[in-house]
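Here is a short briefing to read alongside the model.

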Amino acid sequence: MRIADTADLWYKNAVVYCLDVETFLDADGDGVGDFAGLTQRVDYLAELGVTCLWLMPFYPSPRRDGGYDVQDMYGVDPRYGDHGDVVEFIRVAHDRGIRVIIDLVINHTSDRHPWFRRARSSKDSPYRDFYVWRADTPPDTSDQTMFPDVEDGIWTRDEKTGEHYLHHFFRHQPDLNTANPQVREAIERTMGFWLQMGVDGFRVDAVPFALNENTIDLQQHHAFDEPHDYLRALRGFLQRRSSGNGAGIMLGEVNLPHEEQVEFFGGDGGDQLTMQFDFLTNQKVFLAMARQDARPIAEALRSRPTGLPETCQYATFLRNHDELTLDLLDTDEREEIFAAFGPAEEMQLFGRGLRRRLPPMVDGDPRRLKMAYSLLFALPGTPVLFYGEEIGMGEELSLEGRAAVRTPMQWSAEKNGGFSAARPSRLPRPVVEGPYGPEHVNAADARRDAGSLLQHITRLCQRYRESPELGWGTVEIIEQPHQQVLAHRMVWRGSSMVLLHNLSPEPVVVGFELEDLSEGTELVDLLQPGACRLDAGRRSELDLEGYGHRWLRVRRQEDPRLV
């Protein structure tokens, strides 16, 4: 592989790490994380192997929804620092070879945003059409709200004007009217501002809601072709503005089946989202782990669309900042996962997901954790980590909703987990207590432990970056008799890797055939010493311990890479 072939498509074998500035590290001792603290930890992230940081919203916000209720798209919450601190952080990250993307919320704003305050002041306000209103009484929409335990529908009556405004999320997050060209231009100006500040792209929040056709039908006086033109316009703007500092990306949150995601990539044209999270594979991974049966994962990988442009990419993940949503599974499948990983009601959220981190879900079993993260990095696509995953942090179920997985980063066994020197009462959220508290789980101890999850994930990051087959290649499911084993092969430009993962605690002997290779071909293990060869039948067998995993590269004489 020549670097020139892939430099513009850097995201195809990146390692993405998501964090919230508020809960990462407090440098000034006021109890709240800040950009100065984040800058201090850039070297830690570089050492881990991160090549792209995704920052959750750091804008001024009432923070009634973790900052996704944005009050000022151009601002920086003063508790975290100022624009100078952001620029300095980006400079340091870039100096360490780490790109930076930030959350772009295109579907809604906070009800405290100046646009909405002006919009609700009068029906004649020039900002009225920045949002979606209806004068008639809306029908029952209780089945459409994202938060059924909080909201009884997606329309709320505004007392001053007597009309209802649309909000697919909380009522304090009114939906923008994305059919309005002025709104689109305003979002583009926001993108341009942050690109000028040095960011490398955006994680785009709640994309399907921003393209809701029912919403647009209400705005009949705006002429446009179809909703996806909005994404095309944003992608075109991004490409024009980021041409001077490398290819900018749009990583979209599109929680839909694979066949529906194709349209959000832009189909054959690939002119909309650069990347999308693979929610279906994520949910099938947990179903497979609950059953100790790898077939759901194989099914999900086979269902991925083929023929997409080379510029498109899937992002894979195990956990993130939201609940583990299971809404692409049927009721029985969802109940299987609840029974295995979150049987208590307090562990569940909205009846569709789990508000847990992975380690407590598997009872802290280090074998199972290491297998799961090996699987994450071995899946075709770009892996995304959520802060604290690399050290095995747990959740704090005493907190409400999604806040359970958004607790302060645990840097050491010291006060507040080394996150802040302030009184615990001043922290944005309490530090986890119990067996996953910082006295048991922290980065400082993990760095000294050669067998820690942190060291394992660091090694996976390195091997993944050395294996373009994983980010660029095509996937083939290898047939073998063990239902608990996922065996797949990644092939790219004549290079290939065989990946084996045992989802059960019982050891197995896995035999596989690679009929396109010749007798004697050597497969070298990338994670531990050892190798195997294909026999005269082009077969090989390997012992795979309980929750075992192997990464095997097919050695070619002409391949100069280290193996």
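Just after helix H4, Gly 97 takes a positive phi of about 80 degrees. Please keep in mind that this is a predicted model, where local features need pLDDT of at least 70, side-chain atom pairs count only at pLDDT 80 or more, and totals for chains, interfaces and linings use all residues. Residues are numbered from 1 along each chain as its sequence is written, and side-chain values use heavy atoms, leaving out hydrogens and water.

**Helix H4**
- Helices (H or I, at least four residues) and strands (E, at least two) are DSSP runs, numbered from the N terminus.
- At the start of H4, a side-chain oxygen of Asp 82 comes to within 3.0 Å of the backbone nitrogen of Gly 84.
- Val 86, Phe 89, Ile 90, Val 92 and Ala 93 of H4 are buried (under 20% relative accessible area, 1.4 Å probe, protein chains only).
- Viewed down the axis of H4, these buried residues fall within an arc of 165 degrees, so they line one face of the helix (the arc uses directions from the helix axis to the C-beta atoms).

**Nonpolar cores**
- Tyr 17 and Trp 551 touch the most other members of the largest nonpolar core, which has 145 residues (buried Ala, Val, Leu, Ile, Met, Phe, Trp, Tyr and Cys joined through side-chain atoms within 4.5 Å).
- Helix H15 (residues 366-378) gives the most to this core, with 8 residues.
- A second, separate core of 17 residues includes Leu 500, Leu 514, Leu 523 and Leu 542.

**Whole chain**
- The protein chain has 18 helices and 22 strands.
- Of its 563 residues, 62% are buried.

Conventions:
Buried < 20%, exposed > 50% of the residue type's maximum accessible area, 1.4 Å probe, protein only. Polar contact = N/O pair within 3.5 Å; in protein donor to acceptor, adjacent residues only side chain to side chain.
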